[in-house]
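Morning, everyone. Please have a look at the structure on the screen, and then I will walk you through it.

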Amino acid sequence: MSEAVAERFSQLYGTEPDGVWAAPGRVNLIGEHTDYNDGFVMPFALPHTALAAVARRTDGVLRLHSADVGGGVVELRVDDLAPESDRNWTAYPAGVVWALREAGHEITGADIHLSSTVPAGAGLSSSAALEVVVALALDDLYGLGLKRWQLARLCQRAENVYVGAPVGIMDQTASACCEEGHALFLDTRDLSQQQIPFDLAAEGMRLLVVDTQVKHSHSEGEYGKRRAGCEKGAALLGVDALRDIPYDGLDAALERLADDEEVLRLVRHVVTEDERVERMVSLLRAGETRAIGPVLVAGHASLRDDFRVSCPELDLVVDSSLAAGALGARMTGGGFGGSAIVLVEAADADTVSKAVQEAFATAGFTAPRVFEAVPAPGARRIR
Ligand code: ADP
Ligand code: MG
């Protein structure tokens, strides 16, 4: 894989790359819409990765190419990079260069060729994979010595400020910090993290990812509204972030929000979701892996009914898979389309997968893509 990417680089730029790097997409096991509330998340890396073949330059030129979009090499000057000046895919890698330079690192240019197997817009974090692979490559080539969490922060800043998307810190941290065979228990307030062993195969289970292949057009506006609602909730309750409402203080907090049903529901989701992440960690640590099924189901119900970011396709994955014997299921990622995860006994994987496909056909929805997810390594140099 790295060979092909290096070869394509040479065709495009007429020289050998200095190296090839990889950064994965992710699925989030539990902890949805908590990362912009300073809360807990628990993603793991997918085997799907963005690859970058990169060579350093000293003349201030940044050249970008992606194997996955039409069009040729895009040439920019690092001095000209400016937030929200670019509405194309190139904003993601260029934003990383901008964020590194903003942070005081002298990046004098690069030739970059990207190729990714992370499906774009499927809620599996193709954007963070692209950012992190570029950040790691430049960190290596320019000898910056940045820590993984620092790279994640810079990538988030690239996406927030340069691209103009108000995303939390989960996706970038997952891509940069995940380890093979583990889920990442991450505190998004201080980025402290613990690797939780997560080997379903050893216990006779599997985790399926169902990409609904839909992305509802209102998703960005709705995401912004949820964020604003959460901030309003925190302000009404007099805390920095909803993370500061303890689970055993939830009832009292909800009483104070009785006049604002909309905000009350958002707060209830975030506070119960943080509790679900902690419960999931305890269950996995105790080896009670099958017991995480109901936690997934409760998480989905909360996202559907309280946070209201699900959609008919995601609900159908959950309902049809549970009816066919799945141990648990929920939407993953921001919602309004994208993907769901389904926990099954290994022996039931085919039956459940077929049941979901049939339910989609009956409903007249686009056929979903189903694949198994096994926790893969985080970002790394591969050549
Ligand atoms: P997600 O991160 O859930 O996949 P986003 O909307 O955050 O969805 O990011 C998707 C965008 O990232 C695409 O529209 C495109 O601009 C960019 N992108 C992702 N993968 C690639 C790729 N392989 N080549 C070029 N751009 C990509
Ligand atoms: Mg993204």
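**A walk through the model**

Let's start with Arg381, which counts as partly exposed because its relative accessibility is 41%. Here are the cut-offs: buried means under 20% relative accessible area, exposed means over 50%, and partly exposed is in between, with a 1.4 Å probe and protein chains only. Arg381 belongs to strand E13, residues 380-381. Helices (H or I, at least four residues) and strands (E, at least two) are DSSP runs, numbered from the N terminus. Now take Arg381 together with Glu75. They are 306 residues apart in sequence, and their C-alpha atoms are 25 Å apart in space.

A word on what you are seeing. This is a predicted model, where local features need pLDDT of at least 70 and side-chain atom pairs count only at pLDDT 80 or more, while totals for chains, interfaces and linings use all residues. Residues are numbered from 1 along each chain as its sequence is written, chains are lettered from A and ligands numbered from 1 in the order in which they are written, and side-chain values use heavy atoms, with hydrogens and water left out.

Next, the ligand. Where does ligand 1 sit? Ligand 1 sits in the largest pocket.

Which residues come nearest to ligand 1? Of the 16 residues around the ligand, the nearest are Ser66, Asp68, Gly121, Ser126 and Ser127. Near means that a heavy atom of the residue lies within 4 Å. By class, this shell has eight nonpolar, seven polar and one charged residues. The classes go like this: Ala, Val, Leu, Ile, Met, Phe, Trp, Tyr, Cys and Pro count as nonpolar, Asp, Glu, Lys and Arg as charged, and the others, Gly among them, as polar. Helix H3, residues 126-141, gives the largest share of the shell, three residues.

Now the polar contacts. Such a contact is a pair of N or O atoms within 3.5 Å; within protein, one must be able to donate a hydrogen and the other to accept it, and residues adjacent in sequence count only if both atoms are side-chain atoms. Ser66 brings a polar side-chain atom to 2.7 Å from a nitrogen atom of ligand 1. A polar backbone atom of Gly121 is 2.7 Å from an oxygen atom of the ligand. For Gly123, a polar backbone atom is 3.4 Å from a ligand oxygen.

Now for some buried parts. Why is helix H5, residues 170-177, called largely enclosed? Because eight of its eight residues are buried. Among them are Met170, Asp171 and Cys177.

Thr188 is buried too, with a relative accessible area of 3%. Look for Thr188 in the loop between strand E7 (182-187) and strand E8 (193-197). A polar atom of its side chain lies 2.7 Å from the backbone oxygen of Gly39. Phe40 is in strand E2, residues 40-41. Phe40 is buried, at 10% relative accessible area.

Last stop, backbone angles. Most residues other than glycine have a negative phi. Glu84 has a positive phi of about 55°, although it is not a glycine. Glu84 lies in the loop between strand E5 (74-77) and helix H2 (91-102), and is partly exposed at 44% relative accessible area. Gln213 also has a positive phi, near 65°. Gln213 is in strand E9, residues 205-215. Thanks, that's my tour.

Key:
1 Å grid on protein atoms, 1.4 Å probe; cavity = no way out; pocket = protein on both sides within 12 Å on 5 of 7 lines; lining within 4 Å. Sits in = over half its atoms within 2 Å of the grid points.
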